[in-house]
Amino acid sequence: MASTHDHPGERAAQDPVQLIGIRDTPLSVDEVLRAVGDDAAGGTALFVGTVRNHDGGADVAELSYSCHPSAEAEMRRIAEKVAADYPVRAVAAVHRVGDLAIGDLAVVVGVSCPHRGEAFEACRRLIDDLKHEVPIWKHQRFSDGTEEWVGAC
């Protein structure tokens, strides 16, 4: 009998990047989950970033995201890098721009891999790298009238 590591499902897919997008409309967890679905994946990990009602000890009243025109291409580059470093079956990432309310989804990413540990690690790397490298900026307005810009997600 062949080793389990010899099965094609144990390896990364040929073209694992299934969904990348910058959207000015509400995001869907279901869309990302469908995009990363793969019969060879034993583990699927999702991260959902939502707009919270506070930051740095201040109450957030509202916020908006804006991005550089290269943001979607940068998201794809990062997704491809994660897929190259892990046995990714499928990867997806979408980020919202425009005005968002408290509780709205700001970012949804997903990764499927043959095993859960790989899926968790790849998903964590995906969101961390997106947050640090993609030119998306958050403009927060606080209840006390102050505001701030926060760089890269």
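Reply: A nonpolar core is a set of buried Ala, Val, Leu, Ile, Met, Phe, Trp, Tyr and Cys residues joined through side-chain atoms within 4.5 Å. Note that the model is predicted.

The largest such core here has 31 residues. Within that core, the residues that touch the most other members are V88, V109, V111, L126 and L130. Two or more residues come from each of these elements: the strands β1 (17–23), β4 (58–67), β5 (90–96) and β7 (105–113), and the helices α2 (71–85) and α3 (116–133). Another core, of ten residues, lies apart from the largest one. Its members include L19, V32, V36 and V94.

R89 counts as buried because its relative accessibility is 14%, and the cut-off for buried is under 20%. The side chain of R89 has a polar contact with the side chain of D38, at 3.4 Å.

Next come the salt bridges. The whole structure contains eleven of them.

One of these joins the side chains of R23 and E31, with 2.9 Å from N to O. R23 has a relative accessible area of 21%, so it is partly exposed. E31 is also classed as partly exposed, at 23%.

A second example is R77 with E74, where the closest N and O atoms are 3.0 Å apart. Both belong to helix α2 and are three residues apart, which means that about one helical turn separates them. R77 is partly exposed at 37% relative accessible area, and E74 is partly exposed at 24% relative accessibility.

A further salt bridge is formed by the side chains of R125 and D85, at 2.7 Å from N to O. This pair links distant parts of the chain, since R125 is in helix α3 and D85 is in helix α2, 40 residues apart. R125 counts as partly exposed, with 22% relative accessibility. D85 counts as partly exposed too, with 37%. R125 and D85 also belong to a network of salt bridges that links them with K81 and D129.

Terms used:
Residues numbered from 1 in each chain as written. Predicted model: local features only at pLDDT ≥ 70, side-chain atom pairs only at ≥ 80, totals over all residues. Heavy atoms only, no water. Buried < 20%, exposed > 50% of the residue type's maximum accessible area, 1.4 Å probe, protein only. Helix = DSSP H or I, 4+ residues; strand = E, 2+ residues; numbered from the N terminus. Polar contact = N/O pair within 3.5 Å; in protein donor to acceptor, adjacent residues only side chain to side chain. Salt bridge = Lys/Arg side-chain N within 4 Å of Asp/Glu carboxyl O.
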